[in-house]
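Thanks, everyone. Let me put the sequence and the structure up, and then I'll walk you through them.

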Amino acid sequence: MTTPERAALLDRLRAGPQRVAAAALAAQARRLAAGGGRHAGWSEREIVDHLIRVERDVFQSRLWQVAREDEPHWQWVEPGAEPGHAALATLAGRFERVRARTIDHLARLDERGWARSGVHATYGRLDVAALLGVAVEHDTDHLAELARRA
């Protein structure tokens with residue numbers, strides 16, 4: 001992946017938590033203004049908590065693993081939200097901090113680090129950039145879900 005493509009990917013990754021926070025808070029406000037009923041599926045809070053867990057337990061774990069192991073193998077993992085009562089704004093800030101740790105790790109990678117890869121049971125071989133593409137796609141899927149809550 002060329003440096004401009006990598007920079008664009010990092011920009012999208014970096015922007016994810018702020019975009020998610022804005023979409024989740026707007027969806028929550030619309031829901032509360034409409035009487036506070038619950039949507040089918042996860043609440044806005046649960047979506048953001050899920051994104052935190054996926055960032056930490058899936059993407060960070062795999063990035064750290066690919067940095068220290070030759071060609072790790074991964075299965076599909078989709079952690080749900082953890083039980084808790086943290087406010088949506090608190091979780092949004094937590095997501096931003098967890099994602100910042102991912103960005104910090106990526107800033108320290110050299111070309112060889114970016115070229116390292118693992119094998120995913122569903123996606124096949126993923127180098128670092130491809131793994132991050134999955135992370136951005138995951139953010140985008142949940143952003144679309146939040147946007148549909150009109």
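Start with a quick one: does Ser-43 count as buried or exposed? Ser-43 counts as buried, because its relative accessibility is 13% and the limit for buried is under 20%. Keep in mind that this is a predicted model.

Where is Ser-43? Look in the loop between α1 and α2. Set aside its neighbours within four places in sequence, and Ser-43 is in contact with Arg-38 and Arg-149. Now look across to Trp-74. Ser-43 and Trp-74 are 31 residues apart along the chain. Their C-alpha atoms are separated by 28 Å.

Next, helix α1. It covers residues 3–33, so to speak 31 residues in total. From first C-alpha to last, α1 reaches 45 Å. That is close to the 45 Å expected at 1.5 Å a residue.

Where does α1 bend? At Gly-16, by about 40°. A proline follows within four residues, and that is Pro-17. Both Gly-16 and Pro-17 are buried.

A reminder on geometry: an α-helix has 3.6 residues a turn, so residues three or four places apart point the same way.

What do the buried residues of α1 pack against? Four helices: α2, α3, α4 and α5. For orientation, α3 is 88–107 and α4 is 111–115.

Ala-8 also sits in α1. Compare its position with Ala-87. In sequence, Ala-8 and Ala-87 are 79 residues apart. In space, C-alpha to C-alpha, they are 31 Å apart.

Two backbone points now. Just after α1, Gly-35 takes a positive phi of about 115°. Glu-71 has a positive phi too, near 50°, and Glu-71 is a residue other than glycine. You'll find Glu-71 in the loop between α2 and β1. Glu-71 is partly exposed, with a relative accessible area of 35%.

On to α3, and His-105. Which residues is His-105 in contact with, leaving aside neighbours within four places in sequence? Leu-63, Trp-64 and Ala-67. His-105 is buried, since its relative accessible area is 11%, under the 20% limit. Gln-60 is 45 residues away from His-105 along the chain. Their C-alpha atoms are separated by 8.9 Å.

Then Val-77, in the loop between β1 and α3. At 42% relative accessibility, Val-77 counts as partly exposed. Not counting residues up to four places away in sequence, Val-77 touches Val-58 and Arg-62. Val-77 and Ala-24 are 53 residues apart in sequence. C-alpha to C-alpha, that pair is 23 Å apart.

Last stop, the largest pocket. How much space lies in it? About 190 Å³. The lining is made by 14 residues. Trp-76, Glu-78, Tyr-123, Val-134 and His-138 lie nearest the centre.

Which helices supply at least two residues each to that lining? α2, which is 44–68, and α5, which is 128–147. Of the elements, α5 gives the most, with five residues. By class, the lining has eight nonpolar residues, two polar and four charged.

To recap. α1 bends at Gly-16, and its buried residues pack against α2, α3, α4 and α5. α5 also gives the most to the lining of the largest pocket. Over to you for questions.

Terms used. Residues numbered from 1 in each chain as written. Predicted model: local features only at pLDDT ≥ 70, side-chain atom pairs only at ≥ 80, totals over all residues. Heavy atoms only, no water. 1 Å grid on protein atoms, 1.4 Å probe; cavity = no way out; pocket = protein on both sides within 12 Å on 5 of 7 lines; lining within 4 Å. Points joined across faces, edges and corners; volume = space filled by probe spheres on them. Nonpolar A, V, L, I, M, F, W, Y, C, P; charged D, E, K, R; others polar. Expected span 1.5 Å × (residues − 1). Bend = angle between axes of the 7 residues up to and from the residue. Buried < 20%, exposed > 50% of the residue type's maximum accessible area, 1.4 Å probe, protein only. Contact = heavy atoms within 4.5 Å.
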